[in-house]
Amino acid sequence: MVDTKPVVFFVLGGPGSGKGTQCAKMVDQYGFAHLSAGDLLREEVILLFHFISLIDQKQRDSGSETAQLINQYIVEGKIVPVEITCQLLKKGMEKKGWAEKRFLIDGFPRNQDNFDGWDRVMGDLVEVPFVLFFDADEETMINRIMERSKTSGRNDDNIESLKKRFDTFKKETMPIVDLFDSNGKTQKINALRTIDEVFEDVKKAFEPYL
Ligand SMILES: Nc1ncnc2c1ncn2[C@@H]1O[C@H](COP(=O)(O)OP(=O)(O)O)[C@@H](O)[C@H]1O
Ligand SMILES: Nc1ccn([C@@H]2O[C@H](COP(=O)(O)OP(=O)(O)O)[C@@H](O)[C@H]2O)c(=O)n1
Ligand SMILES: [Mg+2]
């Protein structure tokens with residue numbers, strides 16, 4: 001039988017390292033499917049709040065509770081429980097077309113809970129050839145996020161939330177990057193150059209899959 005498992009590449013890096021920017025270029029130029037865990041969580045908050053007036057009282061309470069919980073985690077720079085995030089990713093993959101795609105899953109797995117939850121639900125269903133890791137120093141990332149904050153409208157693109165996000169990144173996400181690395185599955189990209197220069201290295205990493 002032909003193996004039709006989807007291929008998933010995780011994309012990690014600190015806030016502002018350029019994950020979203022580079023994934024968008026892969027979508028434009030090579031037709032990869034891009035799912036950002038952070039974007040899906042922000043959309044879920046909007047969706048739950050938007051539909052709250054249309055549903056019955058019981059669903060309304062649980063919907064607004066979930067929306068508030070996600071929002072609180074985001075502002076505090078903490079990682080939302082994987083049950084929520086993994087379900088959004090799985091639904092997102094199904095929506096894009098399950099089997100034929102090369103998926104870029106951006107901002108995930110960000111901690112051990114994300115890693116374990118994914119493994120339980122998705123481990124046997126997909127292949128993960130490697131993790132793309134965008135390496136940048138904190139000063140560069142802070143400058144990029146503060147610039148992005150002028151237009152992003154995100155409630156975590158401010159210096160207080162950003163400090164917490166860096167803390168979470170160092171304590172919880174870097175061990176996951178190191179874990180993949182110890183299995184020879186981390187492709188590290190120097191994210192300090194121009195967008196186009198970084199993209200040249202991204203393309204090289206994906207060469208066998210283009
Ligand atoms: N190589 C780069 N050089 C300069 N600015 C960049 C670069 N890559 C991304 N940016 C800018 O930095 C900000 C953060 O990029 P983004 O892709 O949203 O990062 P992430 O998803 O990792 O948080 C955006 O405003 C983006 O336009
Ligand atoms: N796997 C994930 C990804 C994001 N998030 C939350 O969403 C926030 C924003 O994530 P993001 O990936 O959009 O942020 P950037 O690194 O792209 O700036 C994180 O700080 C977390 O609070 C999460 O809880 N779990
Ligand atoms: Mg992003």
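**View 1. Helices H2 and H4 cross in this predicted model.** The axes of H2 and helix H4 (residues 82-96) come within 10 Å and cross at roughly 100 degrees. Angles of 65 to 115 degrees count as roughly perpendicular, so H2 is roughly perpendicular to H4. On the H2 side, the contact is made by Ala37, Leu40, Leu41 and Glu44. They meet Thr85, Leu88, Leu89 and Gly92 in H4. By type, the residues of this contact are five nonpolar, two polar and one charged.

**View 2. Residues gather around ligand 2.** The shell around ligand 2 has 21 residues. Which of them come nearest? They are Pro15, Ala37, Gly38, Val80 and Gly107. H2 provides the largest share, three residues. The shell divides into eight nonpolar, eight polar and five charged residues.

**View 3. A "binding site" feature comes from the UniProt record.** The entry is unreviewed. The record places the feature at Arg42, Lys78, Ile79, Val80, Gly107, Phe108, Pro109, Arg110, Arg154 and Arg165. Val80 and Gly107 are also among the residues that come nearest to ligand 2. The next two views take up Arg42 and Arg165, both in the record's list.

**View 4. Arg42 sits in helix H2.** This helix spans residues 37-51. Is Arg42 buried, exposed or partly exposed? Arg42 has 18 other C-beta atoms within 10 Å. A buried residue needs 20 or more, and an exposed one has 12 or fewer. Arg42 is therefore partly exposed.

**View 5. Arg165 lies in helix H7.** The helix covers residues 159-182. Arg165 has 22 other C-beta atoms within 10 Å, so Arg165 is buried. What does Arg165 contact, leaving aside its neighbours within four places in sequence? The partners are Pro15, Gly77 and Asp156. Pro15 is also one of the residues nearest to ligand 2.

**View 6. Glu147 is an exposed residue of helix H6.** H6 runs over residues 138-152. Glu147 has 12 other C-beta atoms within 10 Å, so Glu147 counts as exposed. How far apart in space are Glu147 and Asp157, C-alpha to C-alpha? The distance is 9.3 Å. In sequence, Glu147 and Asp157 are ten residues apart.

Definitions and conventions
Residues numbered from 1 in each chain as written. Chains lettered and ligands numbered in written order. Predicted model: local features only at pLDDT ≥ 70, side-chain atom pairs only at ≥ 80, totals over all residues. UniProt positions renumbered as here; feature names shortened; annotations may be inferred. Helix = DSSP H or I, 4+ residues; strand = E, 2+ residues; numbered from the N terminus. Contact = placed C-beta atoms within 7 Å. Near = placed C-beta within 6 Å. Nonpolar A, V, L, I, M, F, W, Y, C, P; charged D, E, K, R; others polar. Axes fitted to C-alpha atoms, helices over the stretch in contact; angles between N-to-C directions. Parallel < 35°, antiparallel > 145°, perpendicular 65-115°, else oblique.
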